[in-house]
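Reader: I have a model open and would like to go through it. Can you start with the terms?

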Amino acid sequence: MKRTALITGATSGLGYEFVKLFAADGYNLVLVARNNQKLEEIKHTFPHIEVTIIAKDLSVPGAANEVFQEVKKKGINIDALINNAGFGLMGNFVDLDLQKQSEMIQLNITALTELTYYFLPSLKQQNKARILNVASTAAFQPGPLMAVYYATKAYVLSFSEALVEELKGSSVTVTTLCPGATKTNFGSVASVEGTKMFSRAMSSKIVAQQGYQAMMHGKRVIITGGLNKAGALAAKFLPRSLGAKIAMYVAGEK
Ligand SMILES: NC(=O)c1ccc[n+]([C@@H]2O[C@H](COP(=O)([O-])OP(=O)(O)OC[C@H]3O[C@@H](n4cnc5c(N)ncnc54)[C@H](OP(=O)(O)O)[C@@H]3O)[C@@H](O)[C@H]2O)c1
């Protein structure tokens, strides 16, 4: 029987790379994002597999449950849940729009948590099931000028690592992908393209491949790129106040 992966944020960047990787491995797909036209286009790119599209704004409260209900109604069993959709915003916390920052929390944290909650019982019924949660190297230290974004990614890492322990001995593995700057639409959405942190952005294809392989091997955490690994390691030993200062420095213009 064919396996099925549900991917959020499937229309661009890392999400679309995951779509290609799962499709190449013969998975059927459930794709979630807001842009219905792009979802339709992607569906027609992969005629050899079953692609179900769900156009949904996951920053709206209750959206995760609506996705779950739609998947259940269609009788689809999910074997891999890829919580990838997310966005960031650059600026002083108090100067950024509050509504936008609340939507970020809703998408990056609440939707990811609720999708995991709804799908976990059925994932546990599968022979072998995978969860991949996309965090960031932002998870390892406070991030002035992207305060809410960094905090959402710290949540994703902490939540996911806790689940690893709870799910030991079950058929479900949880992997957290922590990319550093990566060439996707994220940079323009977050207005960070001109910053020092984006001067060495990695290819989205390579980042997604590394995340995919780590997930398939059931690894706990994958940090992409040598410099990013070194940065995450340094963050473990440096005072958090210094980590915050470095994060503020790299958020500055090139
Ligand atoms: N690129 C980086 O430098 C970087 C670094 C570390 C971590 N990350 C993380 O990687 C993940 C993927 O981002 P990306 O870099 O691939 O960015 P991206 O190219 O902007 O892709 C974001 C995806 O999320 C979807 N999305 C955005 N808002 C949504 C909403 N409210 N409801 C449903 N779907 C929504 C977008 O599709 P629609 O517009 O069609 O909804 C798109 O498919 C994010 O969690 C991000 O935080 C990225």
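Author: Buried means under 20% relative accessible area, exposed means over 50%, and partly exposed is in between, with a 1.4 Å probe and protein chains only. This is a predicted model, in which local features need pLDDT of at least 70, side-chain atom pairs count only at pLDDT 80 or more, and totals for chains, interfaces and linings use all residues. Residues are numbered from 1 along each chain as its sequence is written, and side-chain values use heavy atoms, with hydrogens and water left out.

Reader: Is asparagine 35 buried, partly exposed or exposed?

Author: Asparagine 35 counts as partly exposed, because its relative accessibility is 34%.

Reader: Where is asparagine 35 found?

Author: In the loop between strand S2 (28-33) and helix H2 (36-45). Helices (H or I, at least four residues) and strands (E, at least two) are DSSP runs, numbered from the N terminus.

Reader: Which backbone nitrogen lies 3.0 Å from a polar atom of the asparagine 35 side chain?

Author: That of lysine 38. The backbone nitrogen of glutamine 37 also lies 3.2 Å from a polar atom of that side chain. A polar contact here is a pair of N or O atoms within 3.5 Å; within protein, one must be able to donate a hydrogen and the other to accept it, and residues adjacent in sequence count only if both atoms are side-chain atoms. Separately, the C-alpha atoms of asparagine 35 and alanine 55 are separated by 6.4 Å, and these residues are 20 apart along the chain.

Reader: What does threonine 11 touch?

Author: Leaving out residues up to four places away in sequence, threonine 11 touches Tyr16, Ala33, Asn35, Lys38, Leu39 and Ile42. Contact means heavy atoms within 4.5 Å. Threonine 11 sits in the loop between strand S1 (4-8) and H1 and is buried, with a relative accessible area of 18%.

Reader: On to the ligand. How many residues surround it, and which are the closest?

Author: 30 residues surround the ligand, and the closest are Thr11, Ser12, Arg34, Tyr149 and Thr184. A residue counts as near if one of its heavy atoms lies within 4 Å of the molecule.

Reader: Which ligand atom is 2.7 Å from a polar backbone atom of asparagine 84?

Author: An oxygen atom. A ligand oxygen is also 3.1 Å from a polar backbone atom of glycine 9, and a ligand oxygen is 2.9 Å from an N or O atom in the side chain of lysine 153.

Reader: Which elements give two or more residues to the shell around the ligand?

Author: Helix H1 (13-24) and helix H5 (147-166).

Reader: Now H4. Where does H4 bend?

Author: At phenylalanine 119, by about 45°, and proline 121 follows within four residues. The bend is the angle between axes fitted to the seven residues ending at a residue and the seven starting there. At the start of H4, a side-chain oxygen of aspartate 97 reaches to within 3.4 Å of the backbone nitrogen of glutamine 99.

Reader: Is serine 191 buried or exposed?

Author: Serine 191 is exposed, with a relative accessible area of 53%. Serine 191 is in the loop between helix H6 (186-190) and strand S8 (202-203).
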